[in-house]
Amino acid sequence: MTTDSSATAARVLISGGGIAGNAVALQLSRAGIRPTVVERAPAPRPGGQAVDLRGPSRTVAERMGLMPGIQRQRLDERGMVHVDSTGREIVRMPADLFGGNGAVADIEITRGDLNQVLLDVIADATGAPGNPGVEYRYGERIRDLHEHRDGVRVDFASGATAEFDLVIGADGLHSATRRLAFGPDEQFSTYLGAYTSYFTMPTPTGIEPHWMTMYSMPGGIVAGLRPDADPATAKAMVIVRTDPDPALRRNIAAQQELIRASLAGGGWQTAAILDAMDRAEDFYFDEIARITMPHWTTGRVALVGDAGYCGSPLSGQGTAMALVGAYVLAGEIARTPHDAAAALIRYTETLRPFVDTAQQLPPGGVKGMAPRTKAGIRVAHTFVRLATLRMVQPLMTRMLSETESYTLPEYLAAQPVPR
Ligand SMILES: Cc1cc2nc3c(=O)[nH]c(=O)nc-3n(C[C@H](O)[C@H](O)[C@H](O)COP(=O)(O)OP(=O)(O)OC[C@H]3O[C@@H](n4cnc5c(N)ncnc54)[C@H](O)[C@@H]3O)c2cc1C
């Protein structure tokens with residue numbers, strides 16, 4: 001597809017109302033553009049456990065004016081502790097060990113709360129001088145895209161059709177926008193060998209408050225509990241190493257059956273986790289996968305966040321990439337709103353160094369995180385213990401802080417518009 005070099009960015013469609021989609025929408029609205037966001041869920045999706053803000057993503061959150069809301073919802077998470085089947089501590093990694101850049105970072109907030117902070121800031125900014133706000137259409141999704149010389153005609157699942165100058169795919173790991181504009185998932189998606197699930201549950205007794213607790217079982221299974229903003233609830237996490245199974249896609253009964261079979265009789269808090277799973281209202285399940293693409297734009301379509309460069313939960317940088325990517329994309333569009341083609345080229349060039357670093361996986365990948373054997377679990381715990389040694393800490397801090405060397409561009413539109 002080719003783009004008319006004089007393409008403007010007045011009518012922008014964003015597919016997906018997650019962190020990436022809402023962050024782009026906020027910044028575009030501040031630049032005087034009123035984007036339309038279509039989100040396939042009937043309402044903003046709750047759920048997800050702690051996501052962290054560090055380095056450039058923290059700066060972006062500050063520049064977007066998100067910090068007051070984040071501070072109100074910020075989790076008091078003090079580090080990570082690995083336990084055995086009886087709950088006995090094996091090794092502990094405090095959050096402040098690696099300059100606040102370890103597995104638990106300095107600033108942690110649940111994904112659902114961060115999304116709500118973005119929506120609140122959008123609502124607050126709407127109506128400020130020059131800010132036309134954001135149009136939301138929940139329960140809607142793109143069915144087809146037809147790019148032509150003057151724009152993109154979009155057919156929606158509801159049967160509606162509309163014209164846009166630019167379409168931004170912020171629709172996550174299984175992005176429909178990516179499939180329609182760039183090609184099938186198999187070209188870009190690599191399954192990393194496991195599935196993961198998150199959901200909210202009542203905080204069980206016997207859990208150390210303020211600490212993320214991890215329990216590894218033979219077979220490549222990991223169960224974890226993380227603090228929530230409300231101490232009465234906790235965020236459960238389960239990782240299961242297994243072959244990819246297409247039958248699991250969008251089949252909650254099959255997903256929960258896999259988790260049930262994996263955790264059954266497993267000790268620690270697995271019984272409480274399974275009990276809560278059946279009643280969880282925000283059950284989330286997906287493959288652990290990575291998206292790598294040579295370019296994130298084609299013609300009048302751009303991808304942002306997991307849709308273009310999902311690093312998988314193993315990278316620990318999914319939300320950071322979504323925020324930084326959204327900030328750069330909206331910033332470049334706002335710089336040359338009458339030359340969208342040039343803006344999209346600058347978006348890729350400017351963001352690439354950050355994504356290349358942020359997408360890196362920890363040594364060992366899924367195998368290191370969820371070993372299959374008892375011996376493998378012991379080795380993994382030994383690595384955690386070694387990483388906490390005083391003499392190793394400077395090296396770890398350097399490794400974990402690599403994205404901090406990224407030079408974040410400054411955009412005028414990035415300033416929160418005062419009311
Ligand atoms: C409910 C939920 C819970 C999560 N929990 C965690 C977690 O605990 N830990 C973690 O590391 N990561 C989690 N993630 C992933 C994490 O949010 C992302 O890696 C990161 O924030 C980047 O966000 P994103 O906006 O690019 O993608 P996503 O967060 O996946 O958001 C994509 C949005 O697009 C919507 N969407 C999908 N397809 C379409 C379509 N065809 N049309 C319109 N809308 C569509 C989705 O409903 C979703 O709201 C979670 C994601 C979700 C949706």
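The largest share of the shell around the ligand, 3 residues, is supplied by helix H9. Keep in mind as you look around that this is a predicted model.

Let's stay with the ligand for a moment. A total of 27 residues surround it, and the closest are Ala20, Glu39, Gln49, Arg111 and Asp306. On its own the ligand has 910 Å² of accessible area, and the protein covers 90% of that. Helix H1 (19–30), strand E2 (36–39) and H9 are the elements that give two or more residues to the shell.

You will find Asp306 in helix H8. Asp306 counts as partly exposed because its relative accessible area is 29%, between the 20% and 50% cut-offs. Beyond its neighbours up to four places away in sequence, Asp306 touches Gly172, Leu173, Arg178, Ile291 and Gly318. Arg290 lies 16 residues away along the chain, and its C-alpha atom is 8.5 Å from that of Asp306.

Now turn to Ser15, in strand E1 (residues 12–15). With a relative accessible area of 7%, Ser15 is under the 20% cut-off and therefore buried. Its side chain makes a polar contact of 2.8 Å with the side chain of Asp171. Setting aside neighbours within four places in sequence, the contacts of Ser15 are Val38, Ile142, Ile168, Gly169, Ala170, Asp171 and Thr177.

Our last stop is helix H10, which has 19 residues (340–358). From first C-alpha to last, H10 reaches 26 Å, close to the 27 Å expected at 1.5 Å a residue. Look for a bend of about 45° at Arg352, with a proline, Pro353, following within four residues. Which residues of H10 are buried? They are Ala340, Ala341, Ala343, Leu344, Arg346, Tyr347, Thr348, Leu351, Phe354, Val355 and Ala358. An α-helix has 3.6 residues a turn, so residues three or four places apart point the same way. The buried residues of H10 pack against helices H2 (55–63), H8 (306–309) and H9 (318–335), and also against strands E11 (166–169), E17 (297–298) and E18 (301–303).

Technical notes. Residues are numbered from 1 along each chain as its sequence is written. This is a predicted model: local features need pLDDT of at least 70, side-chain atom pairs count only at pLDDT 80 or more; totals for chains, interfaces and linings use all residues. Side-chain values use heavy atoms; hydrogens and water are left out. The expected span of a helix is 1.5 Å times one less than its number of residues. The bend at a residue is the angle between axes fitted to the seven residues ending there and the seven starting there. Buried means under 20% relative accessible area, exposed over 50%, partly exposed in between (1.4 Å probe, protein chains only). Contact means heavy atoms within 4.5 Å. A residue is near a molecule or strand if one of its heavy atoms lies within 4 Å of it. Accessible areas come from the Shrake-Rupley method with a 1.4 Å probe; for residues, only the protein chains shown count as cover. A polar contact is a pair of N or O atoms within 3.5 Å; within protein, one must be able to donate a hydrogen and the other to accept it, and residues adjacent in sequence count only if both atoms are side-chain atoms.
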